[in-house]
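Please look through the sequence and the model shown here, and then read the briefing that follows, which is arranged by topic.

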Amino acid sequence: MRFDHLNIVVRDIESTILFFHHFGFEVDDAADLAGEWISDVVGLNDVRARYARLSSPNSSVQIELIAYHHPPSPETPGTDQANEIGYRHIAFQVDDIDSEVERLTAAGLRFLSPVHTYPRTGKRIVYGRGPENILIELAQYRD
């Protein structure tokens, strides 16, 4: 087995696509989804959705975004905290964390703190938040 993709359900697929462009991801497939087959796969009735698959030449990870038009996605309070059960963040390894923080801040990303160094390993990390409350981590490993 091998990892195939990470799925993120969003409300605004276009702004989320633009967000992931900052990390080198591009759309390599997109489509409207509807019909019995998708309704059966996801276990919901009368699904109508828009999806986009994103990939990056720097990674084998693919990100699949999906925005459900019907049935609408429920509001889920409290899922934007780092200690919630389930998917919490996507981590990106970077060569120069300070310049990446500067670049992404200029692009509108909100960071939760300044960059910190994990004392045991010297790894430098920072969390940030994008559209749809997507939590990301930037990590710079010590040489």
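A residue is called buried when its relative accessible area is under 20%, exposed when it is over 50%, and partly exposed in between, judged with a 1.4 Å probe and with protein chains only. This is a predicted model, in which local features need pLDDT of at least 70 and side-chain atom pairs count only at pLDDT 80 or more, while totals for chains, interfaces and linings use all residues. Residues are numbered from 1 along each chain as its sequence is written, and side-chain values use heavy atoms, with hydrogens and water left out.

**A buried loop residue**

- Ile134 is buried, with a relative accessible area of 3%, and its place is in the loop between strand 8 (124-129) and strand 9 (135-140); here strands (E, at least two residues) and helices (H or I, at least four) are DSSP runs, numbered from the N terminus.
- Although Ile134 and Ile8 are 126 residues apart in sequence, they are 8.8 Å apart in space, taken from C-alpha to C-alpha.

**Salt bridges**

- Side chains of opposite charge can pair when their charged atoms come close.
- A search of the whole structure finds seven salt bridges, where a salt bridge is a side-chain nitrogen of Lys or Arg within 4 Å of a carboxyl oxygen of Asp or Glu.
- One of them joins Asp28 and Arg53, whose closest N and O atoms are 2.9 Å apart; this pair links distant parts of the chain, with Asp28 in strand 2 (residues 26-34) and Arg53 in strand 3 (residues 48-56), 25 residues apart.
- Asp28 is partly exposed, with a relative accessible area of 36%, and Arg53 is also partly exposed, with a value of 26%.
- Arg50 pairs with Asp32 in a salt bridge whose closest N and O atoms are 3.4 Å apart, and this pair too links distant parts of the chain, Arg50 being in strand 3 and Asp32 in strand 2, 18 residues apart.
- Arg50 is partly exposed at 26% relative accessible area, whereas Asp32 counts as exposed at 61% relative accessibility.
- Arg103 forms a salt bridge with Glu100, with the closest N and O atoms 2.7 Å apart, and both residues lie in helix 3 (residues 97-106), three residues apart, which is about one turn of the helix.
- Arg103 is partly exposed, with a relative accessible area of 36%, and Glu100 is partly exposed as well, with 22%.
- Salt bridges that share partners join Asp28, Asp29 and Arg53 into one network.

**The second largest pocket**

- About 330 Å³ of space lies in the second largest pocket, a volume being the space filled by probe spheres set on grid points that are joined across faces, edges and corners.
- On a 1 Å grid over the protein atoms alone, a pocket is an open set of points where a 1.4 Å probe fits, with protein on both sides within 12 Å along at least five of seven lines, and lining residues have an atom within 4 Å of a point.
- Of the 20 residues that line this pocket, the closest to its centre are Phe23, Phe25, Asn58, Phe92 and Gln93.
- Strand 4 (59-70), strand 5 (90-93) and helix 3 each supply at least two residues of the lining, and strand 5 gives the most, with four residues.
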